[in-house]
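Here is a structure to read alongside a few pointed questions.

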Amino acid sequence: MKEVSDGKKAERRLGLWLCAPAALVMIAVTAYPIIYSVWLSLQRYDLRFPAEREFVGLANYATVLTNSYWWTAFGVTTFITVVSVIIELVLGMALALVMHRTLVARGLIRTVALIPYGIVTVVAAFSWRYAWDDTTGYLAQLFGDSAPLTQRASALGIIILAEVWKTVPFMALLLMAGLALVPEDLLKAASMDGATPWQRFTKVMLPVMKPAILVALLFRTLDAFRVFDNIFVLTSGAQQTGSVSMQTYNNLIRGLNLGVGSTMSVLIFIAVAIIAFIFVKVFGAAAPGNDGGKR
Amino acid sequence: MAEIVLDKVSKRYPDGALAVSDVDITIADGEFIILVGPSGCGKSTTLNMIAGLEDITGGELRIDGQRVNERAPKDRDIAMVFQSYALYPHMSVRENMAFPLRLAHVDKETINRKVEEAARILDLGQHLDRKPGNLSGGQRQRVAMGRAIVRDPKAFLMDEPLSNLDAKLRVQMRTSVAKLQRKLGTTTVYVTHDQTEAMTLGDRVVVMRGGLVQQIGSPQALYEQPVNLFVAGFIGSPSMNFLPATLADGQLRTPLGAVPLTDRIRRLAEAAKAPREVIVGLRPEHFEDAALLDEAELGAGATFTATVEVMESMGSDKFAYFLVEGETATSAELDELAAESGSAEMTDGGAQIVTRLSAASSIKEGDEAEVWFDPDKLHLFDPSDGRTLTHSD
């Protein structure tokens, strides 16, 4: 052990004291619920049959992981996540470029572009639902007398549309911050070096703003994987459009099955952790707030 | 290799501001030309117009006789070195230098050969696989040069390429840039705000001010025959001293006393229809400590006596600063120069005269000293428009 001066010790103690309140709050609102759900997931615990509560080990996990409904929901969730994040990235990048290059009415354009993100998701989801309703919906009528929310493919499309509509501005905002990191001189140098606009974008801009793109993708992927509100309002998970969060809700809240429901939420937690791990370790995304990359 | 011609090239921004106005420069094949001037004089805009990074709103730009106004930068076959170096941070030194060649679909072997060759010339051999982030300022600067030379372009454009280096390295790199240019013989346009760089590097120097070309000429010509107050004050370090003066009876009445006009100056001033009130310009190096000169030399010049305010010894010579009572010379050009150098607020009752004396001088701070100067070396300017009255072609 190194000798530590009194001043340093006092500084450390102060540091601990300053961190303590936040740490306590985190333990109360994050660690405790997580540990409690893990504990619940190891039990047979159905509120309809409270007397049959008992410790069953990993039996609930076996039940969920061999269940086709779970895997369908998992597939739907993955599909929605991948498709909507890809579309969001492309559109968000386009929007970010437009906003970055805007010369007139900058503030106004940026504000207007952010409106969808500012609208409460449930409210937006309801307006989408009415728009696609087979009797009153103006969008449904555009496609003839159809009921798109009652068909699996079209319903998934509408869910993705609602997700994309809501989060493209958010994506654009994150990407715009990344664009600001690309020095103007670098793009000028690339044009002098003979790059076409597309080459400037792919060979200079994208690599330089890669950290920002990865952070944006990470945020959005984690968010999209937990999709719930849009599905809840638009289809309630009918026609096999439910996500894993919908399944969890159905078991935990509607079905009152605390054991299986908790198992599902723990599985979602694990999936999200794996996604984050892949992003950070494989793609090298910097953890938010930690600028590890060298300029 | 190419000849670059700027034919009445102008740049007017959409808001009406005129950044560059009717610039006429013919840059010969292989020439090293410097655009110099204070910030906002339009030198960088001019360079960017040659590069194609800014649209030309008036006039014509020709490279090798062909109009290139409408060509994209990539189609002009010109390489540029930026003040910030603009190296691609995600690419290694090798990839940075190879980038323009890869875009031009040059085959791999040729790329490798050219990159290795450039690395050898610029002494970057052992750094080829490092990222720019791990290089020193001087190394980055050389990579930027390397990226320009691998392409063997028609011309190099350099936008203050040495400004981000520390003073010592800057002097070193200045010599290497000059040597490199001579070796490659590529037409080079170099922008700087530093008159020392301009004087030491260029075959010819273009002095700009407020979007207008003031004078184009060899460094020596700019120094000896400045066409106006601005060029006279901008070129030379320390800069020329300016004093108000009155021309009368073949004499020049100045705050330094009456100065006899030499025949040469008198003839030039008459030919230029000099007004009565003029501004006289004297370079610091045309003064000398009178105590060091013999009678004959003293007789050939004029002397004045004043108190030394500050004495700076540079080793090789000494700078003595005098405060001369009386009015200071005023003109728009001089005000601008003063603002540029930040010395606008520093004049306190009277004109300051900077003299460069021989190191052998024993004058000390606070001394009342007699200083000699050569009246044939003085310049006269018209205070109303700044033009020189002593220009001889």
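The questions below concern confidence, a helix pair and a chain contact in this predicted model.

Q: Why are α12(A) and α13(A) called roughly antiparallel to each other?
A: Helix α12 (residues 244-254) of chain A and helix α13 (residues 258-282) of chain A pack at an angle of about 160°. Angles over 145 degrees count as roughly antiparallel, so the label applies to α12(A) and α13(A). Their axes lie 8 Å apart.

Q: What is the hand of the crossing where α12(A) passes α13(A)?
A: The crossing is left-handed.

Q: Which residues in α12(A) meet α13(A)?
A: Val244(A), Ser245(A), Gln247(A), Thr248(A), Asn251(A) and Leu252(A) do. Their partners in α13(A) include Leu258(A), Gly261(A), Met264(A) and Ile268(A).

Q: What makes up the contact of α12(A) with α13(A), by class?
A: It has six nonpolar and six polar residues, and no charged ones.

Q: How many residues of chain B are in contact with chain A?
A: 18 residues of chain B touch 16 residues of chain A. On the chain B side, β6 (78-81) and α2 (93-103) are the elements that give two or more residues. That side has 14 nonpolar, three polar and one charged residues.

Q: Where does pLDDT stay under 50 in chain A?
A: Over residues 288-295. The model has eight contacts beyond four places in sequence for that stretch. For chain A the mean pLDDT is 87, and 95% of its residues reach 70 or more.

How values were computed:
Residues are numbered from 1 along each chain as its sequence is written. Chains are lettered from A and ligands numbered from 1 in the order in which they are written. This is a predicted model: local features need pLDDT of at least 70, side-chain atom pairs count only at pLDDT 80 or more; totals for chains, interfaces and linings use all residues. pLDDT is the predictor's confidence in each residue, from 0 to 100. Two residues are in contact if their C-beta atoms, placed from the backbone, lie within 7 Å. Helices (H or I, at least four residues) and strands (E, at least two) are DSSP runs, numbered from the N terminus. Ala, Val, Leu, Ile, Met, Phe, Trp, Tyr, Cys and Pro count as nonpolar, Asp, Glu, Lys and Arg as charged, and the others, Gly among them, as polar. Axes are lines fitted to C-alpha atoms, for helices over the stretch in contact, and angles run from 0 to 180 degrees between N-to-C directions. Angles under 35 degrees count as roughly parallel, over 145 as roughly antiparallel, 65 to 115 as roughly perpendicular and the rest as oblique. A crossing is left-handed if the near helix is turned anticlockwise from the far one by less than a right angle, and right-handed if clockwise.
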